[in-house]
Amino acid sequence: IVLPSITDFTMLSLDELCDRLHTHIAKSDLPLEDDLTTKQLLEQYDHTSRDWEPFAMFDTEKAYTRNLITFGEKFDLILLCWNAEMCSPVHDHAGANCWFKVCEGSVEEHQYEDRAEQGLPPTPSQSLTFTQGGVSYINDNIGLHKVGAANGKRAVTLHLYSPSVRICTAFSEEKSEKKSCVCSFFSKMGELVHYSGNA
């Protein structure tokens with residue numbers, strides 16, 4: 001894969017990002033953890049245009065909502081809306097690749113080593129803070145993580161999962177306990193849906 005030079009680095013609208021993801025991921029033969037083009041496409045997305053706003057649906061009774069923007073045979077593109085001081089549980093990605101970009105606010109990502117086979121709770125490995133425009137990547141080889149809004153304010157993050165994740169595993173931070181979680185959507189393509197998941 002030939003990456004564009006810095007002079008060719010043009011910003012993308014959300015529609016353009018969706019189109020390029022559909023084309024690129026459908027044709028990619030690389031293991032996606034080695035695919036720098038996908039990360040670069042997210043970096044090129046112009047979040048400051050706020051064309052993600054029609055998909056940004058919050059619920060004050062939930063820590064966060066998962067709002068589906070588009071999907072393909074090999075991926076889902078989802079907008080997550082985080083209430084202030086709320087975070088996800090520690091979780092895996094069921095063998096999928098996960099990228100996210102911060103569209104509003106800032107988020108903290110805490111990564112962990114999975115110690116379940118040793119009968120131990122997850123071990124913290126590193127903590128990172130991402131401000132608007134920041135892009136992160138994780139898969140199960142890197143470890144587990146939890147993500148949440150930082151600085152006492154709500155946040156919005158754009159997540160790309162490839163392949164799609166329908167069930168993940170959530171881990172207790174204090175005990176060697178874990179449970180399966182259904183990854184449902186709060187909205188699809190800008191329309192509210194019946195929410196029945198727990199992640």
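Student: What does E43 count as at 30% relative accessibility?

Tutor: Accessibility is sorted into classes: buried means under 20% relative accessible area, exposed means over 50%, and partly exposed lies in between, with a 1.4 Å probe and protein chains only. At 30%, E43 counts as partly exposed. Before going on, note that this is a predicted model, in which local features need pLDDT of at least 70 and side-chain atom pairs count only at pLDDT 80 or more, while totals for chains, interfaces and linings use all residues. Residues are numbered from 1 along each chain as its sequence is written, and side-chain values use heavy atoms, with hydrogens and water left out.

Student: How many helices and strands does the chain have, and what share of its residues count as buried?

Tutor: Helices (H or I, at least four residues) and strands (E, at least two) are DSSP runs, numbered from the N terminus. Here they come to 2 helices and 13 strands. Of the 199 residues, 49% count as buried. Contact means heavy atoms within 4.5 Å. Among the contacts in the chain with a separation of 6 or more, 73% are between residues 24 or more positions apart.

Student: Which residues have the most contacts inside the largest nonpolar core?

Tutor: A nonpolar core is a set of buried Ala, Val, Leu, Ile, Met, Phe, Trp, Tyr and Cys residues joined through side-chain atoms within 4.5 Å. The largest has 23 residues, and those with the most contacts inside it are L17, L77, L79 and L158. Two or more residues each come from α1 (14–27), α2, β2, β4, β7 (135–138) and β9. The largest share, 5 residues, comes from α1. Leaving aside neighbours within four places in sequence, L158 touches, among others, L17, L42, L77, L79 and W99. A second, separate core has 22 residues, including Y64, C98, V102 and F130.

Student: What covers the buried residues of α2?

Tutor: The buried residues of α2 are T37, T38, Q40, L41, L42 and Q44. Their cover includes α1, β4, β7 and β9.

Student: How many disulfides are there?

Tutor: A disulfide is a covalent bond between the sulfur atoms of two cysteines. The cut-off is a pair of cysteine sulfur atoms within 2.5 Å. The count is 0. For C81, the nearest cysteine sulfur, that of C103, is 9.2 Å away. For C183 the nearest cysteine sulfur is that of C168, at 3.7 Å. C183 counts as buried, at 7% relative accessibility.

Student: Which residues are closest to the centre of the largest cavity?

Tutor: Rolling a probe the size of a water molecule over the atoms shows where empty space is left. On a 1 Å grid over the protein atoms alone, a cavity is a set of points where a 1.4 Å probe fits but cannot get out, and lining residues have an atom within 4 Å of a point. Grid points are joined across faces, edges and corners, and the volume is the space filled by probe spheres set on the points. The count is 1 cavity of 30 Å³ or more. About 190 Å³ of space lies in the largest cavity. It is lined by 20 residues, of which Y64, R66, H91, Y161 and C168 are the closest to its centre. At least two lining residues each come from β1, β2, β8 (144–149), β9 and β10.

How values were computed:
1 Å grid on protein atoms, 1.4 Å probe; cavity = no way out; pocket = protein on both sides within 12 Å on 5 of 7 lines; lining within 4 Å.
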